[in-house]
Each structure stands twice: as structure tokens, then as C-alpha cells.
Amino acid sequence: MKRVFSRPRLMLVLALAALLILNAGAAWAFDDEAARAELADGHAKCAAYQYIVLECLEKSDLLGSEAMVRENYRSAADYNLALASFFSDVRLAALKMSTYKAEMKTRMDTCEDVSMLVGEYEEFCGNMTKDPKKSWSYWKDTK
């Protein structure tokens, strides 16, 4: 039987799940559906971007594809997909991520074009995950 998760990755996923559960009370206090939808959308977009970069790193030596860099992108993508699922629905988050991933891939001929995505999404996604409360405030105040 093939193992789906390696031990370190399983521990990371479990730690992320625990973090989400511990913060559930605070997140549910934010009952504004429009802001939740925008956050879910942003995190799905970031997960799509990060999974594409990860795929390209695994295919080539772009962006210094050391194991640590690949693991950082994998962890960030998993985290953003978990947050997208938390703020909406697991199936909806997966569908949004797949849609964004397909859209992003149509803009690239090969993985050598991934720098275009990095330039467009790296800062946005870093800000989305660095300070979730700030992201929440931004979306709540812009409606």
C-alpha cells in the first residue's frame, strides 16, 4: 500500500489542523460572509500559485530547487489550501484552487515562465499568510 503522506508532512498537516481548530473560535467571531469569501478566494489563489511553483521546482532547477525551498512552497500551499477550506467549504476551496491553477498555467508556456507568476503573487501571498488578522481587516473594511 502506498503511503500518502510522509511522516514529517503528516505532522505538518496535523499541526496546521490543530492551529486552525484552536483559532476557530476567533475566526467564527468574524461572521461577515463577504469577507470570508474574499479570504477564501485569496488563499485558494495563493495555494494554486504555490503548487505551480512547487511543480516547476520539482521539474527543474528554477529558483534554487533545494529540498528546503520545495518544502517551504509545499507547506505554504498546504497552509493556504487549509485556510481557503476553513473560510469556505473544502470542495469549493479545491474547485477554486483548481480553477486558478488552470488559469495561471494557461499564461505560462513552460516552467521557465514561472517568474511571471512569482512577480505577480509572491508579495500578495506572503501578506495573506503573514498576518491573517490584517487580511481580515482589509477585506472587512473594503466592502
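Reader: At what angle do helix α3 and helix α6 pack, and how far apart are their axes?

Author: In this predicted model, helix α3 (residues 33–59) and helix α6 (residues 114–130) pack at an angle of about 135°, with their axes 9 Å apart. Axes are lines fitted to C-alpha atoms, for helices over the stretch in contact, and angles run from 0 to 180 degrees between N-to-C directions. Local features need pLDDT of at least 70 and side-chain atom pairs count only at pLDDT 80 or more, while totals for chains, interfaces and linings use all residues. Residues are numbered from 1 along each chain as its sequence is written, and side-chain values use heavy atoms, with hydrogens and water left out.

Reader: Why is α3 called oblique to α6?

Author: Angles under 35 degrees count as roughly parallel, over 145 as roughly antiparallel, 65 to 115 as roughly perpendicular and the rest as oblique. The angle of about 135° falls in the rest, so α3 is oblique to α6. The crossing of α3 past α6 is left-handed, a term used if the near helix is turned anticlockwise from the far one by less than a right angle, with right-handed used if clockwise.

Reader: Which residues make the contact of α3 with α6?

Author: Contact means heavy atoms within 4.5 Å. The residues include L39, C46, Y49 and C56 of α3, and L117, Y121, F124 and C125 of α6. The contact divides into 13 nonpolar, four polar and two charged residues; Ala, Val, Leu, Ile, Met, Phe, Trp, Tyr, Cys and Pro count as nonpolar, Asp, Glu, Lys and Arg as charged, and the others, Gly among them, as polar.

Reader: How do you know that C46 and C125 form a disulfide?

Author: A disulfide is a pair of cysteine sulfur atoms within 2.5 Å. The sulfur atoms of C46 and C125 are 2.3 Å apart, so the pair meets that definition. With -100° about the S-S bond, this link is left-handed. The pair joins distant parts of the chain, C46 in helix α3 and C125 in helix α6, 79 residues apart.

Reader: Why do C56 and C111 count as buried?

Author: Buried means under 20% relative accessible area, exposed over 50%, partly exposed in between (1.4 Å probe, protein chains only). C56 has 2% relative accessibility and so counts as buried; C111, at 17%, therefore counts as buried as well. Both C46 and C125 are buried too.

Reader: What makes α3 and α5 oblique to each other?

Author: They pack at an angle of about 50°, with their axes 8 Å apart, and α3 and α5 are therefore oblique to each other. α3 passes α5 in a right-handed crossing. Among the residues that meet are A44, A48 and I52 in α3 and A93, M97 and Y100 in α5. This contact divides into 11 nonpolar, no polar and six charged residues.

Reader: How many helices and strands are there in the protein?

Author: There are seven helices and zero strands, where helices (H or I, at least four residues) and strands (E, at least two) are DSSP runs, numbered from the N terminus.
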